[in-house]
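Biologist: I would like to go through this model with you, one question at a time. Please show it first.

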Amino acid sequence: MTGHSTVTQTEFSDLELVHRGKVRDVYRIDSDRLLLVATDRLSAFDCILPTPIPYKGRVLTALSGFWFKRLKHIVPNHYITSDHDKMPDEVRKHPELRGRSTLVKNAEVFPIESVVRGYLEGSGWKDYQATGKVCGRELPPGLRQCDELHKPIFTPATKAVTGHDENISQLEAVNILGHDTAVELKRISLEIYREARAYALERGIIIADTKFEFGRDTKGNIMLVDEVLTPDSSRFWNAETYEPGHAQASFDKQFVREYLETLDWDKTPPAPPLPDEIAEATSQRYLKAYALLTGQELSTD
Ligand SMILES: Nc1ncnc2c1ncn2[C@@H]1O[C@H](COP(=O)(O)OP(=O)(O)OP(=O)(O)O)[C@@H](O)[C@H]1O
Ligand SMILES: [Mg+2]
């Protein structure tokens with residue numbers, strides 16, 4: 001791992017920062033284009049950890065790029081390039097951006113998250129336990145935690161500015177987006193999920209659920225934006241050890257969560273630092289997910 005430097009936060013006097021998320025820093029390049037920069041920050045229990053995970057930002061960037069290329073027959077997307085050598089000059093002159101940046105078309109992003117669930121976990125599992133429904137949709141009784149659903153379901157959520165996203169019904173999605181757009185986002189989301197899930201399962205990874213974002217390009221056409229089918233936007237489980245009836249070990253953050261559970265930490269900020277071996281093991285998991293899904297090792301020079 002020598003020779004690789006991690007990045008926890010970026011700041012450039014010659015690039016305009018427009019947004020800092022939990023993991024990514026977003027810069028405006030010009031009126032048509034943005035630069036999404038994936039740092040090595042990791043969040044667990046909704047807190048950003050002070051310890052960066054080597055290669056995480058590069059894995060997220062390369063994996064999203066892989067999916068954008070692979071799924072573009074389903075819907076156009078915002079991806080322009082993640083090749084550092086093809087970036088505009090003002091990006092290329094910052095070597096720390098190499099491998100962790102994606103140049104994208106600026107979109108007018110729809111104010112909902114398009115979530116698809118193929119398995120019952122997270123807020124879906126919570127809703128189901130309380131009401132027998134997920135996002136207003138009745139599911140059969142007797143389902144266990146992490147059970148596979150008979151069919152994948154579209155469960156949109158509003159983007160909470162602070163705190164947690166809130167699940168909404170499909171009717172509410174129609175009210176926010178209009179009928180035609182709501183129907184279209186649902187159709188596209190389910191199609192992408194079905195194709196990606198079948199692909200991943202053959203490679204040993206269950207994509208239990210995932211979140212997409214969509215927007216309109218300058219001509220008004222729908223395009224897929226943000227990041228796609230990464231461990232940060234999805235639940236990835238190991239297909240070999242999958243067993244419904246209890247929580248699954250998270251493919252990427254398993255070591256981090258287990259370690260944090262051993263501490264006397266109340267899961268409110270500031271989060272404690274991670275020992276080197278935990279950060280290293282987590283890094284290996286991200287690299288493993290990338291290698292399994294793409295069939296290629298991420299170059300780690
Ligand atoms: N092509 C695009 N055009 C315009 N905005 C985009 C595009 N792609 C992604 N975005 C926006 O960029 C932002 C990326 O931020 P990021 O996901 O890092 O943080 P966040 O969503 O605010 O919080 P969290 O870390 O919880 O996800 C999101 O607001 C997303 O909607
Ligand atoms: Mg986000």
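Biologist: How many nonpolar residues does the shell around ligand 1 have?

Modeller: This is a predicted model, in which local features need pLDDT of at least 70, side-chain atom pairs count only at pLDDT 80 or more, and totals for chains, interfaces and linings use all residues. Residues are numbered from 1 along each chain as its sequence is written, while chains are lettered from A and ligands numbered from 1 in the order in which they are written. The shell around ligand 1 has 5 polar and 5 charged residues (Asp, Glu, Lys and Arg count as charged, Ala, Val, Leu, Ile, Met, Phe, Trp, Tyr, Cys and Pro as nonpolar, and the others, Gly among them, as polar), and its nonpolar residues number 7.

Biologist: Which domains give at least three residues each to the shell around ligand 1?

Modeller: The domain bounds come from an automatic or database domain assignment. By that assignment, the shell around ligand 1 draws at least three residues from each of domain 1 (16–107 + 254–273) and domain 2 (109–238).

Biologist: Which element supplies the largest share of the side of domain 1 that touches domain 2?

Modeller: In all, 15 residues of domain 1 are in contact with 19 residues of domain 2 (C-beta atoms, placed from the backbone, within 7 Å). Helices (H or I, at least four residues) and strands (E, at least two) are DSSP runs, numbered from the N terminus, and at least two residues of this side come from each of strand 7 and helix 1 (56–71). The largest share, 6 residues, comes from helix 1.

Methods. Two residues are in contact if their C-beta atoms, placed from the backbone, lie within 7 Å.
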